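Please look over the sequence and the structure shown below, and keep both at hand while reading this report.

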Amino acid sequence: NRKVQEQQLARDDGEGQIAAVIFTGEGSSFCAGADLSNPPSPIDQSSDLPHHLHNNPVHQMGLCALPIIGALKGYVITGGFELALACDILVGDESTAFRDTHVKFGLAPCWALSQKLQRRIGPGRAKLISLSACKVKASQAYEFGLLDALVPAGSTSLDKALDIADQIAGNNVAMVQRYKRAIVEGGSMDLAKGMQRERELGMTHYIEAVGDGSTFEGAKEFITDESRP
């Protein structure tokens, strides 16, 4: 079993503001599941009581306004699978392999795997993976849309995650966070309500932007720059 560690991106937006978080694993795997030598209490992990949610990593990751990029490698199993799905963007290499073993051992998912996986790849494929407890290799995970990027042999998922984080850091960091909020909040609603929520968040942003003026000046410079791609 591998200890999961979080790495905050050293790169920033040029003003010292953290732009993204990279979440990866120590050793050869991202996370091979719970530490069976000292397993967490399933009752605590299933609880919605505030003091239990405080120690629930998936719940806490959901409160993060920054984009979380999962740099996956090796085994991503059960609890590790749930940690991966708590990330916003998933990058894997050829060694990456997913497996949900809840049903194999009579365990109930408590960190949203039953809900997040079907929203990411569709209910049919989610049932295939979770009800059969089958292994999903990197190429199939990418085909299913479980991985957002798959790096070729000779490259690492961490290097690719750092490249993505650098691209994010080159943008307006406040708007990146607000855009993530629009996607996350709107994605939990039907289309009409999601569009309404987007307009509400947009209104809040532009009320601030009109007073500041820098947003429109930056857009004007970008549009008029003949050297831009």
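Which backbone atom lies 3.0 Å from a polar atom of the side chain of threonine 96? In this predicted model, the backbone nitrogen of aspartate 93 lies at that distance from the threonine side chain.

Threonine 96 sits in the loop between β5 (89-92) and β6 (97-99). Its relative accessibility is 1%, and because buried means under 20%, threonine 96 counts as buried. Leaving aside residues up to four places away in sequence, threonine 96 touches Leu72, Lys73, Gly74, Val76, Val136, Lys137 and Ala138.

**The chain as a whole**

The protein chain has 11 helices and eight strands, and buried residues make up 35% of its 229 residues. Of the contacts between residues at least 6 apart in sequence, 64% join residues that are at least 24 apart. The accessible surface of the chain comes to about 13,600 Å², and carbon and sulfur atoms account for 55% of that surface.

In soluble globular proteins, nonpolar side chains tend to be buried together. The largest nonpolar core of this model has 30 residues, and those that touch the most other members are Phe30, Leu72, Phe81, Leu83, Phe98, Leu117 and Leu146. At least two residues of this core come from each of β2 (21-25), α3 (57-62), α4 (79-85), α5 (113-121), α6 (123-132) and α7 (138-144), and α4 gives the most, with four residues. Another core lies apart from it and has 15 residues, including Ile22, Val91, Ala161 and Val173.

An α-helix has 3.6 residues a turn, so residues three or four places apart point the same way. In α5, Leu113, Leu117 and Ile121 are buried. Seen down the axis of α5, these buried residues fall within an arc of 25°, so they line one face of the helix. The cover over the buried residues of α5 includes α4, α6 and α7, and just after α5, glycine 122 takes a positive phi of about 100°.

Helix α9 (residues 173-187) has 15 residues and reaches 21 Å from its first C-alpha to its last, which is close to the 21 Å expected at 1.5 Å a residue. The buried residues in α9 are Val173, Val176, Lys180 and Gly186. Seen down the axis of α9, they fall within an arc of 165°, so they too line one face of their helix. At the start of α9, a side-chain oxygen of asparagine 172 reaches to within 3.2 Å of the backbone nitrogen of alanine 174.

| α5 | Leu113, Leu117, Ile121 | within 25° |

**Arginine 181**

Arginine 181 also has its place in helix α9, and at 43% relative accessibility it counts as partly exposed. Not counting residues up to four places away in sequence, arginine 181 touches Gly186, Arg197 and Leu201. The C-alpha atoms of arginine 181 and alanine 65 are separated by 7.3 Å, although the two residues are 116 residues apart along the chain.

Notes. Residues numbered from 1 in each chain as written. Predicted model: local features only at pLDDT ≥ 70, side-chain atom pairs only at ≥ 80, totals over all residues. Heavy atoms only, no water. Expected span 1.5 Å × (residues − 1). Buried < 20%, exposed > 50% of the residue type's maximum accessible area, 1.4 Å probe, protein only. Arc of directions from axis to C-beta. Polar contact = N/O pair within 3.5 Å; in protein donor to acceptor, adjacent residues only side chain to side chain. Contact = heavy atoms within 4.5 Å. Areas by Shrake-Rupley, 256 points an atom, 1.4 Å probe, with all protein chains shown as cover. Core = buried A, V, L, I, M, F, W, Y, C linked by side-chain atoms within 4.5 Å.
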